[in-house]
Amino acid sequence: MNSVFDQALWAVGRGSGVVAIVLLTLSVLLGIGGRSGRAVFGMPRFAVTLVHRNVSLFSLLFVVVHVVSLFLDPFAQLRLVDFFIPFLGAFKPFWLGLGTIAFDLLVVVTITALLRNRIGPRMFKAVHWLVYAMWPVSVLHAIGNGTNGREPWFLVLAVFCVMAVGGAIAWRLHEDFVEYRNVRRQETR
Amino acid sequence: MTERKVTMHIDWTRCDGRGLCVELLPELLTRDDWGYPVGRGGSEIAIPQNLEYAAQDAAALCPTQALRLHK
Amino acid sequence: MTTDQSTVSIRDHVAGPAGTTRLFAAGSADFGSHQAAFGPLPAMDRARLIDELLQSGLDGRGGAGFAAWQKLASVPADGRRPVVVANGAEGEPLSQKDAALLHNAPHLVIDGILIAGRSLGAKELHLFAGAEQLAPVARALKERGEVRIRLHEAPDTFISGEATAVVSAISGSLAVPGDRTKRLTNSGLNGRPTLVHNVETLAHLALISRFGPAWFRSVGTGSSPGSRLITLSGNTAGPRVYEIPTGVRLTEILVSTGVDLHSVRAALVGGYHGTWLAVDQLDARFSKEGLAPVGARTGAGIIMTLGSGSCGLAATADILAYLAGQSARQCGPCINGLPAIASVFARLAYGDTNGKLPQEISRLAALVTGRGSCAHPDGTARLALSALAAFASDVDAHLRGRCEVLR
Ligand code: HEM
Ligand code: SF4
């Protein structure tokens with residue numbers, strides 16, 4: 001095998017993974033921001049929804065690049081089954097398994113989100129809440145599985161992401177999260 | 001040619017008053033005291049031809065899928 | 001109101017009941033009395049039934065007053081076998097007439113369901129009513145060995161009788177209204193064409209099928225013929241059900257049932273979603289056309305008098321508070337708007353003299369109207385606005401810190 005090619009694959013695999021984590025984090029922030037019903041991040045409400053969707057689609061794109069490049073990389077020893085069924089991996093099976101779970105959830109969340117006008121709001125919402133499991137699992141996977149997962153620059157990035165999402169979730173759980181909450185009789189849902 | 005009239009139906013059992021539709025159709029909608037959309041026609045808002053695309057965007061982007069267009 | 005014992009012979013061998021007592025003409029709830037009074041179940045095909053209903057001019061008795069023939073005719077004859085639902089859920093606390101009918105003439109309602117079902121080739125027959133009303137119906141069904149009609153218990157809520165709520169409840173979900181862009185007659189229970197008729201409408205249908213449109217029109221007025229059940233309540237007596245010819249003046253109804261008109265300050269017509277009429281408006285006739293000029297509707301046939309010693313604004317405030325509490329809590333403008341109307345109205349009724357209150361009530365009433373999945377916001381708004389009109393001078397008195405009635 002051509003080692004330059006191998007190294008390039010490895011770099012692409014790692015790089016796309018890091019970008020995916022950042023995009024997924026942004027997506028969660030935008031999702032929560034949109035759910036508040038407020039015009040957040042200096043955008044009108046409809047733009048928040050649109051950017052949320054597009055950032056999500058890009059994050060899936062980067063995740064696909066991430067897994068395909070690692071699949072082609074002999075060092076990672078990935079098999080097709082590892083994309084779909086967790087904890088069967090040859091290399092660091094636990095951390096890889098977390099990645100598999102996150103990938104599967106991301107695919108399901110994206111498909112149901114794109115089809116939400118077909119499947120109806122209840123189903124969409126129920127599946128979409130899986131992102132609150134998917135995101136932490138993907139971050140753990142990145143820290144545990146990645147070669148650079150324990151390098152300081154990556155840990156700083158990870159801490160940054162965790163703080164941002166943690167803050168957003170705390171806001172999400174706050175009483176006055178939803179716009180007009182203080183004048184409404186009841187949170188409709 | 002017969003004139004086709006597009007109307008936008010608001011499903012109040014779904015609408016959560018998020019205001020996206022009001023941003024996209026400021027010519028037709030405002031928000032009430034509690035943030036829910038108000039327009040002439042109540043639950044069936046008549047859409048003039050020049051606003052049909054904006055209405056389609058509103059229906060597609062409404063986060064709770066409360067809007068439906070019909071002719 | 002009085003039973004005329006003589007009978008006129010109409011069609012075939014059995015004579016239709018003469019006078020105004022029609023629905024209760026059997027005198028007793030058992031099948032024997034029913035058959036003796038009305039004879040056997042007539043055969044009816046779809047086209048003939050629609051035609052006879054059209055000629056009879058029967059309108060729906062559940063509240064909306066939609067022409068009975070029209071609803072039947074809008075069930076598409078496209079090969080899909082429809083569902084017939086008899087609606088006896090009387091969520092309205094002022095109405096007792098469906099309960100009276102189901103207790104005293106269950107067989108007539110059953111006849112109506114069977115005739116409508118047969119003529120449409122229905123796949124399923126259902127009856128939806130409160131638990132207490134299901135018992136006499138179950139007894140009647142057993143008596144005649146009828147097993148096709150399925151009974152469903154209606155919860156004790158104001159909006160449980162709304163047609164989409166009825167269909168939702170029968171399908172196993174909550175008895176709350178659903179969003180509607182298609183007619184139930186096209187897509188109702190499990191997507192089937194569904195005919196939902198009030199039980200009184202079906203009882204009249206059973207009589208018209210037997211005795212014909214001319215007989216039906218022999219009482220009542222030309223534009224709104226026949227007899228109808230009303231529930232009368234208020235300052236003089238608790239709720240009582242009467243069968244009256246349509247188109248009688250409200251004052252006649254009150255006087256003939258023993259109400260002293262001098263003791264009446266106003267009357268609420270059409271129920272909690274209805275309209276207050278001041279005393280000088282009570283010579284209106286109790287029919288669609290008669291009530292239209294005074295802005296009222298017959299609704300489910302409800303008349304409640306307000307005694308001359310009671311404050312109309314206080315009475316309205318209490319009803320509005322009840323109605324706000326009966327929101328199905330699905331639609332934002334209803335969840336938020338009705339309590340807002342009720343609370344502003346209560347301030348007006350109970351001592352706040354802020355001159356902007358009536359204007360605010362009108363604004364909120366206009367704001368919620370047309371903005372719900374059912375007519376609950378509209379009906380509540382109508383009641384509030386009609387109170388401001390009927391008790392206009394008392395509104396002024398309240399704003400000056402007084403009340404025309406109390407103190
Ligand atoms: C094509 C892909 C996606 C589309 C079209 C989409 C669409 C939506 C929509 C319409 C909402 C608003 C729900 C509401 O306001 O009631 C939402 C909420 C949300 N989305 Fe997405 N989404 C997508 C992918 C993702 C992904 C990949 C993530 C996570 C990384 C995500 C995270 C969230 C979060 C956290 C919320 C807030 C949920 C809540 O707390 O109620 N979404 N999304
Ligand atoms: S966008 Fe949808 S949820 Fe938002 S206010 Fe409009 S209809 Fe209601």
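This is a predicted model: local features need pLDDT of at least 70, side-chain atom pairs count only at pLDDT 80 or more; totals for chains, interfaces and linings use all residues.
Helices here are DSSP runs of H or I, at least four residues, numbered from the N terminus.

**Entry 1: where the ligand sits.** I found ligand 1 between chains A and B. I counted 25 residues around ligand 1, and the closest are His52(A), His128(A), Tyr132(A), Arg172(A) and Arg18(B).

**Entry 2: polar contacts.** I went through side chains of chain A next. Tyr132(A) puts a polar side-chain atom 2.4 Å from an oxygen atom of ligand 1. For Arg172(A), I got 2.7 Å between an N or O atom of the side chain and an oxygen atom of the ligand.

**Entry 3: the shell.** I then looked up which elements give two or more residues to the shell around ligand 1: helix 1, helix 2, helix 3, helix 5 and helix 6 of chain A. Helix 1 of chain A has the largest share, six residues.

**Entry 4: helix 3.** I checked the length of helix 3 of chain A, residues 93-114. Its 22 residues at 1.5 Å each should span 32 Å, and the end C-alpha atoms are 31 Å apart, so the two agree. I also listed its buried residues, among them Leu96(A), Leu98(A), Phe103(A), Leu106(A) and Val109(A).

Definitions and conventions:
Residues are numbered from 1 along each chain as its sequence is written. Chains are lettered from A and ligands numbered from 1 in the order in which they are written. Side-chain values use heavy atoms; hydrogens and water are left out. The expected span of a helix is 1.5 Å times one less than its number of residues. Buried means under 20% relative accessible area, exposed over 50%, partly exposed in between (1.4 Å probe, protein chains only). A residue is near a molecule or strand if one of its heavy atoms lies within 4 Å of it. A polar contact is a pair of N or O atoms within 3.5 Å; within protein, one must be able to donate a hydrogen and the other to accept it, and residues adjacent in sequence count only if both atoms are side-chain atoms.
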